[in-house]
Amino acid sequence: MMSHLLPPHLHCCQCHVDANSPQCAGEEKRVGTRTVVVGHRPVSEADAYVAQKFCDNRIVSSKYTVWNFLPKNLFEQFRRIANFYFLIIFLVQVIVDTPTSPVTSGLPLFFVITVTAIKQGYEDWLRHRADNEVNKSNVFIVENAKQVQKESEKIKVGDIVEVKADETFPCDLIFLASSSTDGTCYVTTASLDGESNFKTHYAVRDTTVLCTDEAIDSLTATIECEQPQPDLYKFVGRIIMYRSNQEPVARSLGPENLLLKGATLKNTKKIYGVAVYTGMETKMALNYQGKSQKRSAVEKSINAFLIVYLCILLSKATVCTTLKYVWQSNPFNDEPWYNEKTKKERETFKVLRMFTDFLSFMVLFNFIIPVSMYVTVEMQKFLGSFFISWDKEMYDEEIKEGALVNTSDLNEELGQVEFVFTDKTGTLTENSMEFIECCIDGHKYKDCISEVDGYSQTDGPLKYYGKAEKSREELFLRALCLCHTVRIKQADQVDGLIGHPECKNTYISSSPDEIALVKGAEKYGFTFLGLENDFMKIRNQKNETEMYQLLHTLNFDPVRRRMSVIVRTTSGKLLLFCKGADSSIFPRVQQEEIQQTKVHVDRNAMDGYRTLCVAFKELTQKEYDRIDRQLNEAKMALQDREEKMAKVFEDTEADMHLIGATAVEDRLQEQSAETIEALHAAGMKVWVLTGDKMETAKSTCYACRLFQTSTELLELTARVVGESERKEDRLHELLMDYHKRLIQDVPKPRGSLKRSWTLSQEYGLIIDGSTLSLILNPSQDSSSSHYKNIFLQICLKCTAVLCCRMAPLQKAQIVRMVKNTKGSPITLSVGDGANDVSMILEAHVGIGIKGKEGRQAARNSDYAVPKFKHLRKLLLAHGHLYYVRIAHLVQYFFYKNLCFILPQFLYQFFCGFSQQPLYDAAYLTMYNICFTSLPILAYSLLEQHINIDTLTSDPQLYMKVSDNAMLQWRPFLYWTFLGAFEGLVFFFGVYFLFQNSSLEDNGKVFGNWTFGTIVFTVLVFTVTLKLALDTRFWTWMNHFVIWGSLAFYVFFSFFWGGVIWPFLKQQRMYFVFAHMLTSVSTWLAIILLIFISLFPEILLIVLKSIKERSHQTGIFDLPILVSYKRIENGYVKTEDALTNVAERYPLRIL
Amino acid sequence: MAVNYSAKEEADGHPAGAGPGGGAAAGGGGAVKTRKPDNTAFKQQRLPAWQPILTAGTVLPAFFIIGLIFIPIGIGIFVTSNNIREYEIDYTGIEPSSPCNKCLNVSWDSTPPCTCTINFTLEHSFESNVFMYYGLSNFYQNHRRYVKSRDDSQLNGDNSSLLNPSKECEPYRTNEDKPIAPCGAIANSMFNDTLELYHVENDTRTAITLIKKGIAWWTDKNVKFRNPTGDGNNLTALFQGTTKPVNWPKPVYMLDSEPDNNGFINEDFIVWMRTAALPTFRKLYRLIERKSNLQPTLQAGKYSLDITYNYPVHSFDGRKRMILSTISWMGGKNPFLGIAYITVGSICFFLGVVLLIIHHKYGNRNTSADIPN
């Protein structure tokens, strides 16, 4: 919430997560400054001008050049462990005499590498193009009082650059002069942080007059500023101007003087600025350095399985090598007369021979770790993520945008979420504020517009309606009109901002609250007309225009949670108006004034309104002078400016008088309550993390049904803990008490249940920022971790947790704390504002709401949706489906390669462990690329084992895939056993078939290649039909690829065997396939073996179907929050339940 | 390989929107173009689809049907297989009593060749065409070193390969600096026992005609294997410059007297060159055609097998067999397929019955569940 009031004061958002990156780590240390000589004119001969070397203004977002693309890209690709593994296999094949030709693994690898390289090359080409567009664009530089047109990349630090309206700034500029006489200009930073409102920037005061080429050229000055750093909202510097015969003048420079590259100049004809940061040192460039990569849980499972398969591979190779030498110890086995070794073979050392044998076996069995799985997974993720952005149900008519996918790596993670951390304002609520009521000196004012109009015709509304003194009312309303940073936007008016007050003005501000307040004041007759030359104009109830000179704006920041303005009235009185959160205002006003207002504030907060308190104080000229001096000093400071400013603000905003409070309503977003309910029902725990005050947040939580009336609330807030010295003891007591209630007194459920909501009572926890920091960083370090543990345990037992008064970093802290608990649950953060960025980056999955607070959150998120309600479909339908799809994909890949390679392994026992491949090289190569790849890809893109609508409407289905259910060891073992079983069936089925003297009706015999081809045919058909059995959603595409693949296999086999290929050394497959098909026995055997292989699968389906029936009545009576898999299966059939979750859904839905 | 937007594009003022990775493509259109997703069935994942639900109700009938199909097939195969006559003689001569025991330790070049005769009796007559096989055991024709030791382009009649065989043929590639034709271990170890069959009736031996053509795959004989081409048809001239495989007594162009069964297209040679899948294997040796419809091909009675014992198998503990077999539509005798079909069919049927009972028990309990809601 805090950030709503003023431009978000986020601290370099990239840095929270990526604290180890050099860029961020260096941030604190980067105390050095740089000196920029304006226009490259040496200040004086005396000062030795040491030319500092700065980088040029070329933006390089591309990774490669034409020359280094190949080596660099290859290097990057082979850094991936899988690619490297395949490269090694390939090299082994090239070097060592291995059973399969290098082509068998080289071709797939080449394919993968090429496809990836093309993709990355294309992306890089796009980046090059975009870079060039920026780098080659023309800019005007003032050199020797003349404009010189240059390419953007030629700008050097110190150049004076002229920028015209609607142009973007080519580099970071210090604003020297503008065409408008007051030395201001307006910019939008839409492309930087997504905020489309106009921001005012100020020229350096002493150079505002220099608004022609000649004049600006006469400026002799140097600028000292800090070294480049990524924070968009931070800048400290100093300009020193030298005039002939005068002392140099120094002026402070702040963010308001800095025009950022990427921002666009608006409503100002032209400006002059001097380049301070160029190229890759601009704040924009520094901000676009890679986000940290998030890895999904599925990927971790894949890696675990890979290790298992690698072990299988190694042990297979070891077993074969050992047995080979055991077998060969018999000399007639080693070298019978009919099969002598070559001279070279005889002469090789035995150890070396064993080693190459081992490698050969590795190569022979290496297909068990499929190269194509990586390609397929990538493709599935890439293509699959389109469905999210294509979903028209997640399209919002209002903002005319749909969902946005920033990374496709985490699709399946959406189906695994256990904890949802949500922001409140703008996420659960609309963030469109409406002024509801106010109270002045404890008197409540609630009006609607019509009444106001009515009253204003007579003598102003407040006279009759109000109870407070007239002067206080007016003071209050003036405060509302003055204490803000709202700007007025007039359509299509370039000259000046103050036009005709009558014409429709729209207020623009980064914070909707402020607009609501200004509009609220307007209802009561005080209209803010705009800001002109430091004078704020207000039209009062009597239609007079009042002018106030704006002296200082003490900007909002989330730590202070208040803002102030100092104005001078026309009569010369100096007034300070301050508005802010009650907790930050109350301690700074006269204590006796608080009580009457506090009642209202509390009640409003209970109603779910956002409250702000307004206070003022009158300053004497002397006081003002002191403040003015202090503020200027602090602004001039080059170091620790923030701290110094904060100190001055602290001193200034004290001893004020409370005038009143406002209440602004932030409506709940449509369906946010239903969404929260659905998420709850889906077994997710929803935590609300907000900067709002507790009462407001609590009522919102009730409104959106996060807390039910039956929920017992546990509080850990400043209110219950108290402010006293003993608060730590009190906290300790509370923690112990809650811990006892939630954990110790509850009978332990059997086994270790992760989501144990079998508790009869639901608990909700409320904690606030100060208490949280007390828990996380207690003063006595003795029990620190202890507190944290207890707190976590309590949290995990609660169905809902509300954290209020959170600073952005605390939000991230909470997320990290939960993320790192035992079992590392998958966390999801959803937020809309810049203050949520840290938690979005911290969580496993970060969702941005494309809200009213700019695009910062959406840009840093993994997925962005227009509304909170879209989360429901995103998680329950898309997430669930993606998870099932990819889990099935992964399991299937391991399975199909196991039953592919197992016969080859078994064959070694019958060919003297000579590494003779069972299948032809073409089959070995094409199996994963052509014959079995497309059906699973189509499945993993299109499968809907449960209808999308059912998934969305029945959240409990989500729990079926919770805890990575389909990629646990049990389902993995099931698939592995299935693969092993089928491999055995294939091999021994054909083995027994070959006991026959002949399989053809003409008595002719088959050889080893026919043997392999029969096994392979059975294999291809079985794994494809197995997938067909698993497919629950047969679109024409599924039909096409499944039957098409099989047809292609048959066609290819005929083709491959039908020609004497001149490039092949051996014509092993010549007419083998055709001959195979002339044999009736072979047909019968193939059909039989396919059926036997699929039989367990079919049987399982039937058994489950029967079991479903027998349990069906029971299932629907289950309590909502209980995971099905435990109840229905008990301990009996857990394995089945886990293994083939996919198949069970449709049965249950019936 | 994460599919991320290039941050750059977005920074240039087109918040990319249309889809992952497609940021560039979509970004070009900019903010003007409506980003509303197309309402197509594919994009909304609402393609018309067949959604099969495998329930007990649908699968159990399939079980019955499969059972009903498989069992008769199995019985058919089993009966056919049982009707096949097969007779097998091991003539390795391991046992001292065996007539071939004297030949047990022959070498390749023993002259004169060792011969032995084995007498046997057929209990039943062989009615249809009889196929004569030789069988070897513990002979690893599928050993990798062995399998690849051949040059298919040489065998295909390629003249350059004839004189310069592939390196795969090592150490059977050259002999005394002359290229070996046919090169390689497979060819070198070609089976060279001669088997002759006599019908013994009242102490008179009638030779049974053994047909040596038609035992190899047609495609092998006519396409894959070809003699080298050149001027004239004189094989001796065509194989000029090559030498015979070390273990062969005669060069390749003297394998047979008939020109269409000589050289590389000798069918015994072609059959041998098709490497067997398993270390115990049979290869077709000769055909015995049925002469007339009145007489069986081989009557029951006494027979004798004359063996010219050239092929040494004792050194690697191998066995040699001669097999006489009739053939049915499904090939030679093999009970496996029939038994497997009967077993699977019965299991299917049995499970079908059991599950149907269970299914009905539960189905009756809550019939309401049958109505999809």
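This tour visits the interface of chain A and chain B, then a sheet in chain A.

The model is predicted: local features need pLDDT of at least 70, side-chain atom pairs count only at pLDDT 80 or more, and totals for chains, interfaces and linings use all residues. Residues are numbered from 1 along each chain as its sequence is written, chains are lettered from A in the order in which they are written, and side-chain values use heavy atoms, without hydrogens and water.

**Stop 1: the interface**

Show chains A and B together. Contact (heavy atoms within 4.5 Å) takes in 132 residues from chain A and 122 residues from chain B. The two chains bury about 11,100 Å² between them, 61% of it on carbon and sulfur atoms. Buried area is the accessible area (1.4 Å probe) lost on putting two parts together, summed over both.

Select Trp337(A), Tyr338(A) and Arg1109(A). In chain A they lose the most area to chain B, together 8% of what that side buries.

Next, pick Lys1065(A) and Glu168(B). They form a salt bridge, with the closest N and O atoms 2.7 Å apart. The rule (a side-chain nitrogen of Lys or Arg within 4 Å of a carboxyl oxygen of Asp or Glu) finds four salt bridges across this interface.

**Stop 2: the sheet**

Helices (H or I, at least four residues) and strands (E, at least two) are DSSP runs, numbered from the N terminus. Two strands pair if DSSP finds at least two bridges between them.

In chain A, nine strands form an open, mixed sheet, ordered S14-S33-S32-S31-S15-S27-S30-S29-S28. Strands S14 (404-405) and S28 (712-716) stand at the edges, each with a single partner strand, so one side of each lacks a neighbour in the sheet.

Select S15 (residues 419-422) and S31 (residues 827-831) of chain A: they pair in the parallel sense over four bridges. Val420(A) stands opposite Leu828(A) in S31(A).
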